[in-house]
Protein chains: 2
Amino acid sequence: MSSSRPTRLAGPGRPTRAVGIPDATVARLPVYLRALTTLAEDGVATVSSEELAAAAGVGSAKLRKDLSHLGSYGTRGVGYDVEYLVYQISRELGLTQDWRVAIIGVGNLGHALANYGGFASRGFTVVALLDADRRLIGEDVAGLRVRSIDDLEEVVRAEGVHIGVVATPASAAQPVCDRLVAAGVTSVLNFAPCVLDVPEGVMVRKVDLSTELQILAFHEQRGAVTQLGDALDVTSQPLARPGLTGLAR
Amino acid sequence: MSSSRPTRLAGPGRPTRAVGIPDATVARLPVYLRALTTLAEDGVATVSSEELAAAAGVGSAKLRKDLSHLGSYGTRGVGYDVEYLVYQISRELGLTQDWRVAIIGVGNLGHALANYGGFASRGFTVVALLDADRRLIGEDVAGLRVRSIDDLEEVVRAEGVHIGVVATPASAAQPVCDRLVAAGVTSVLNFAPCVLDVPEGVMVRKVDLSTELQILAFHEQRGAVTQLGDALDVTSQPLARPGLTGLAR
DNA sequence: TCAACTTTGTGCGCGCGTTCACAAGTCCCT
DNA sequence: AGGGACTTGTGAACGCGCGCACAAAGTTGA
């Protein structure tokens with residue numbers, strides 16, 4: 001999931017309650033936030049843990065424990081004030097700040113990411129698009145001019161980039177990541193199908209479409225077998241074990 | 001992560017060793033597979049758990065335990081035969097079978113997914129593209145003709161779709177998912193920023209770009225504070241608690 | 001053949017996360 | 001004013017997964 005995580009550092013003696021939020025909880029907060037925003041748009045003022053949990057697709061006990069890590073923002077017998085909770089979660093996630101994002105690689109995926117509306121919606125601003133392909137440099141994509149990868153360091157500095165999104169081919173991902181880190185970026189979202197080595201203190205999250213499909217395939221295969229009463233055992237072509245043992249001495 | 005998981009079902013009395021593989025292990029198998037494939041392309045014949053673990057970005061003990069769930073496919077004192085292990089993991093993930101994928105929603109993201117090479121590489125074939133936009137229907141995208149969403153049921157049946165990829169706006173996702181499930185699809189990969197309700201036995205995995213960014217933002221914010229010696233405590237504008245208590249009685 | 005070295009496979013302890021169940025607090029109705 | 005219904009927040013138990021450390025197994029070299 002993440003290669004380096006400075007999480008759960010018990011920042012000693014900080015004023016806010018928000019010390020030591022479990023990773024699992026942090027990963028769910030955006031989901032809660034999304035559900036709450038939708039509720040707010042529908043004009044819902046308060047929501048119970050049961051309702052919100054249903055909207056977020058989790059258990060109500062888990063939801064309450066998650067929220068309890070932020071503080072006591074609910075009212076017993078009533079529920080949670082939607083708008084207030086939206087603010088508290090946003091603040092906790094750091095969404096009151098504006099995060100400046102650079103996308104490296106303007107291929108199919110980078111193009112889609114640049115045009116993706118969900119970025120701008122919550123405090124994320126795409127400030128730069130970079131690519132190595134000369135034919136793309138200078139092109140206008142999603143209202144931004146694609147710049148040369150050669151300008152990476154300058155762009156990061158000038159635009160104050162906080163987060164780098166790597167949408168390059170796998171072969172280019174590591175060098176690009178290295179340059180991002182060297183330029184001072186400490187958060188990277190990696191769409192390239194490879195693992196990125198980063199020094200301590202830099203956080204990488206990976207999104208891999210192929211991996212997701214393979215996990216689905218595993219369960220589909222397994223589930224189907226069960227459903228069929230595990231009768232047929234296809235996929236069992238033996239394929240003799242290669243000669244590891246008993247080679248010429 | 002997943003809304004319904006028929007995992008760890010102790011399929012009683014199956015011949016293969018592969019019963020009860022932990023979810024966490026399954027999620028890592030594609031990563032190992034990718035690393036192994038890269039090694040194979042480089043002509044590497046055998047690999048130790050230490051080397052493979054480094055390539056996959058995990059600890060060697062974890063890797064060995066993961067692989068041990070599949071069986072004893074290594075050789076003590078030597079390591080693992082790369083090609084053989086590729087085959088074993090592929091088989092376990094069900095990648096020896098060809099999985100037929102339909103992409104619903106041919107917007108920016110759907111377009112990128114259709115052109116994504118990583119799909120075809122491991123037994124996944126995109127067999128259909130569907131959209132509701134009349135202007136897109138009939139268009140040629142990635143060698144496929146975009147068909148109308150009205151044909152969904154027919155396409156699923158005729159093309160034998162196993163996995164549905166939902167790349168629609170959030171508002172359309174649930175209805176589309178319902179129709180997929182009704183048509184017999186039991187695995188869904190959801191890119192829409194919303195939770196999908198599905199009946200028991202259907203597996204949904206969600207990929208949410210905005211969520212990933214928000215998790216990064218949290219750690220970036222937290223990490224920065226630590227790095228700065230938690231001196232400044234911005235983001236703490238109180239914003240008075242709304243009047244839940246002490247209203248007019 | 002035997003000893004030294006390498007590497008796998010796994011038993012075990014520990015810590016995190018999830019879930020249950022309930023006390024404490026709030027509102028509503030009479 | 002007071003009882004009943006509802007909901008939050010949390011203590012406690014449980015289960016999973018991770019990592020250490022080591023025995024078992026295999027290889028290399030003399």
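Predicted model: local features only at pLDDT ≥ 70, side-chain atom pairs only at ≥ 80, totals over all residues.
Now widen the selection to the two strands. β4 (residues 99-104) and β8 (residues 163-166) of chain A pair in the parallel sense, and four bridges join them.

Next, select helix α8 (residues 170-182) of chain A. This helix packs on the sheet and touches β4, β8 and β9 (187-190) of chain A. The direction of α8 makes about 170° with that of β8(A).

Now show the whole sheet in chain A. This open sheet has seven strands, and reading across gives the order β6-β7-β5-β4-β8-β9-β10, with mixed pairing. Which strands stand at the edges? They are β6 (140-141) and β10 (203-206) of chain A; each has a single partner strand, so one side of each is left without a neighbour in the sheet.

Helix α7 lies across β4, β5 (124-131) and β7 (144-148) of chain A. With β5(A), α7 makes an angle of about 165°.

Move to chain B and select β8 (residues 163-166), α8 (residues 170-182) and β9 (residues 187-190). Together, these elements of chain B make a right-handed β-α-β unit. β8(B) and β9(B) pair in the parallel sense over four bridges, and Ile163(B) stands opposite Ser187(B) in β9(B).

Keep β9(B) selected and look at its side chains. In a regular strand, side chains alternate between the two faces of the sheet. Are the residues of β9(B) buried or exposed? Ser187(B) and Leu189(B) on one side, and Val188(B) and Asn190(B) on the other, are all buried, and both faces of the strand are covered.

From β9(B), step across to β10 (residues 203-206) of chain B. These two strands also pair in the parallel sense, over four bridges. Select Asn190(B) to find one of the pairs: its bridge partner in β10(B) is Lys206(B).

Finish at DNA strand C. The largest share, five residues, comes from α3(B). Colour the surface near DNA strand C by residue type: ten of its residues are nonpolar, eleven polar and eight charged.

How values were computed: Residues numbered from 1 in each chain as written. Chains lettered and ligands numbered in written order. Pairing = 2+ DSSP bridges. Contact = placed C-beta atoms within 7 Å. Axes fitted to C-alpha atoms, helices over the stretch in contact; angles between N-to-C directions. Nonpolar A, V, L, I, M, F, W, Y, C, P; charged D, E, K, R; others polar. Buried ≥ 20, exposed ≤ 12 C-beta atoms within 10 Å, placed from the backbone. Right-handed = clockwise from strand over helix to strand, strands pointing away.
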